[in-house]
Amino acid sequence: MTTFNRRTLLKTGASIGGLAVAGAALGTPLIAQSRSLKVGSYGGYFENSFKEFVYPEFTAATGITVESVTQPNSADWLVTMQQAVPAGSIPTDISLYGRDSMIKASRIGGLIAPLNISAIPKAENLDGYFVFDGPEGPQGVGAMSWFSAMVVNPNQVDIPASWADFWDTDKFEASLGLSNVHSNGLLDITAATFFDGEETMMSNEGILAILDKVRELKPNVTLWWNAESQMEQGMKNGDVIGGQYYLDVANLMAADGFPIKATFPKEGNLQDYGSWCLTAGSEKSAEAAEFMNYSSDPATQALMSRKIGTAPLVDKAMTDLTDDEFNFVSGSPSIKPAYEAYLDNETFIKESWDKMLAES
Amino acid sequence: MTIADDIGMRADRGLDSSKGINAKAVLYGVLTTIMVVFCILPFILVIVISFGQKVDGAGWVWAFTLANYQRFFVGLLWPDEVTFLYLQQLGYSFYFAIIASVLAVLTALPFTLLLTRLRRSTQAVWLVFILASLSMSEVFIVMGWDILLSNNSGLPKLFEVTGLTQWLKDVGWFQTLRDMGLANPRNVKFKPSSFATILTMSYLVWPYAVILLYPALSRLDPSLSEAARTMGASRWTVTRTVTLPSIRLPLLGTTLLLFVFLLGSYVSVSVFATPDKQTTAVAIYSNIRGSNMDAPFGSAQAVILLISASICLYFGHLLNNKAEAR
């Protein structure tokens, strides 16, 4: 495995996404006789790993061939689908969406179709939270999950037991690296550490109270990164000695000998996940159900953890992952992003966050 | 050839081959289409989208609302609450662009003056080198400075191994640097800071400054300043009263051009500027990207940035005219 990770590659994958869609459309008539399915995933290392390790196994198990379609990410893919689906072209049968984009898609309507959940019996393996009930019934089945974790440079500081330690200026003055995007988790982490978690996120007053707390953290932050490569560089070259970063990438960096240690403080780390959604108008709902069923199998979840670095959505006990393998990609407790707040109160939260950052 | 000849020839050509005219018409047609499709339409689209409306929790819809423009000046919650966040960002767009362009021109001026006094062949080598350096993109340059200023591989490391950091700590100036945000408890740090931002932006446009100033400076008549010198004027007096006045137009023009170029600078600001000094260009991108999907507000910011730049160019033009008239 390399430190070149899926999210960095999403950006490069975006440009070739259109070509992939065109190619997939041209290829369709040739294999119309056999059963096939067009599955979207985020381009780059991530998609390549799916093509190399997951789709062939699925084809071997079910006889359904998979055409991989490159998605740039889920938010921008939503924009593509919003134009494609009403125009009658269906670039994928199954798309991969983050929870926020999936909820947006379900609210916009007519983009993702309800699922026949009885054809996906193995979805029972997943926590109920990962089967998304939209306005039209079940509209998404969890695919994989990833953590955004607390990281520190173990050569410079002791491993903190709580996120609250980051507020300690004696330890971390001008030394932390955190994301400058409002929805990347610092609000959720602060809410979980000092307030009532998601509940506090649901009101404007709550948001402002959390932002007041984040404001106290500002003297300790030297790098407000907007691209994760900045954080990677910051940790590597010693500009930052702690912060928030993706668990799998942090562990890969540590395995390569860089001074970074990902840890689960007592409040936990931020866990986000992707879902498979059936495109409205797709005629492959039966094949799609088989794919989602296959993906929900603990063995497939373990395969993805090993080969792609994602966290399984099923209990560790159901998989054959060793402790080391599991801890490389997952841990507990987990903090769940306040998706509803980010969706319903999007513009207010962004402007208040930007204002807080812009104060000198 | 007289003008009459020319007209005659054109008329002849026109009569000779209607094919030629058709080809010309087709060429103009294609060029116009390209202009409209790739230049004017996107431009109009941005203006139209700036009146659209964001839907919380979904995308945005076509509409006609001035809310985005109002938000730019007084914030989302007006009239309950006022924020000048976006004006502040516009202010910093100007702040960085003005300082960096002036700095680039001021440092490029003596360099270019010296350059014009070199042998022709040496000048050519320098110019080719400077032209070649233009091929480096902003991302590349920012990456380079990022490494040069970073703790383990750059200037702070040099401070540490030469004992300068320890010396600063011993004499007590280190605390001052910490208060200024230029040090953490362990070592000095130069990014993020306005220093790093302006440095990178000036560096980015410096080759442009040289290339834009070079034609004017190379046309300077050395006998003028020589004459002034023989009449007893000091070197500084010559520079002030002879050299500078004769190049004030290219100086002003170059500064204006670099300024407008730097107004849209994205990478240097987003990587090196502190969060309290982010600019409109950075804010535009953060609004239109997938996670926000607020293209209408991003477009409104873009339109306002464009208008501000146009106003600056207009005043620059006025100044130019005034200078020329004198």
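1. In this predicted model, chain B has an average pLDDT of 88, and 93% of the residues of chain B score at least 70. Where pLDDT is low, predicted coordinates should not be read in detail.

2. Chain A averages a pLDDT of 87, with 91% of the residues scoring at least 70. Over residues 6–32 of chain A the pLDDT stays under 50, although the model places 43 contacts beyond four places in sequence for that stretch. For the complex, the predictor gives an ipTM of 0.81 and a pTM of 0.81.

3. The contact between the chains draws 36 residues from chain A and 29 residues from chain B. On the side of chain A that touches chain B, at least two residues each come from helix 3 (74–84), helix 4 (99–108), strand 7 (221–225), helix 9 (228–236), helix 14 (339–344) and helix 15 (346–358) of chain A. Helix 15 of chain A gives the most to this side, with nine residues. By class, the residues of the side of chain A that touches chain B are 10 nonpolar, 14 polar and 12 charged.

4. Two of the elements that supply this side, helix 3 and helix 4 of chain A, also pack against each other, at an angle of about 20° and with their axes 9 Å apart. The angle is under 35 degrees, and helix 3 of chain A and helix 4 of chain A are therefore roughly parallel to each other. Helix 3 of chain A passes helix 4 of chain A in a right-handed crossing. The residues in contact are A:S74, A:A75, A:L78 and A:Q82 from helix 3 of chain A, and A:S101, A:K104, A:A105 and A:I108 from helix 4 of chain A. They divide into four nonpolar, three polar and one charged.

5. Elsewhere in chain A, helix 2 (residues 45–62) packs with helix 12 (residues 298–308) at an angle of about 145°, their axes being 10 Å apart. The crossing of helix 2 of chain A and helix 12 of chain A is right-handed. Helix 2 of chain A contributes A:F46, A:S49, A:F53, A:V54 and A:E57 to the contact, and helix 12 of chain A contributes A:T300, A:L303, A:M304, A:K307 and A:I308. By class, this contact has six nonpolar, two polar and two charged residues.

6. One backbone detail in chain A deserves a look: phi of A:A174 is near 50°, a positive value in a residue other than glycine. A:A174 is found in the loop between helix 5 (169–172) and strand 6 (176–179) of chain A.

7. Chain B is divided into domain 1 (3–74) and domain 2 (85–149 + 190–325), and 29 Å separate the centres of domain 1 and domain 2 of chain B, taken over C-alpha atoms. Between them, 14 residues of domain 1 of chain B are in contact with 13 residues of domain 2 of chain B. Helix 2 (18–49), strand 1 (53–54) and helix 3 (67–74) of chain B each supply at least two residues of the side of domain 1 that touches domain 2, and helix 3 of chain B gives the most, with five residues. By class, that side of domain 1 of chain B has seven nonpolar, five polar and two charged residues.

8. The axes of helix 4 (residues 85–116) and helix 10 (residues 194–218) of chain B come within 6 Å and cross at roughly 45°; helix 4 of chain B and helix 10 of chain B are therefore oblique to each other. Helix 4 of chain B passes helix 10 of chain B in a right-handed crossing, and the contact has 20 nonpolar, seven polar and no charged residues.

Note on methods: Residues are numbered from 1 along each chain as its sequence is written. Chains are lettered from A and ligands numbered from 1 in the order in which they are written. This is a predicted model: local features need pLDDT of at least 70, side-chain atom pairs count only at pLDDT 80 or more; totals for chains, interfaces and linings use all residues. Two residues are in contact if their C-beta atoms, placed from the backbone, lie within 7 Å. Helices (H or I, at least four residues) and strands (E, at least two) are DSSP runs, numbered from the N terminus. Ala, Val, Leu, Ile, Met, Phe, Trp, Tyr, Cys and Pro count as nonpolar, Asp, Glu, Lys and Arg as charged, and the others, Gly among them, as polar. Axes are lines fitted to C-alpha atoms, for helices over the stretch in contact, and angles run from 0 to 180 degrees between N-to-C directions. Angles under 35 degrees count as roughly parallel, over 145 as roughly antiparallel, 65 to 115 as roughly perpendicular and the rest as oblique. A crossing is left-handed if the near helix is turned anticlockwise from the far one by less than a right angle, and right-handed if clockwise. pLDDT is the predictor's confidence in each residue, from 0 to 100. Domain bounds come from an automatic or database domain assignment.
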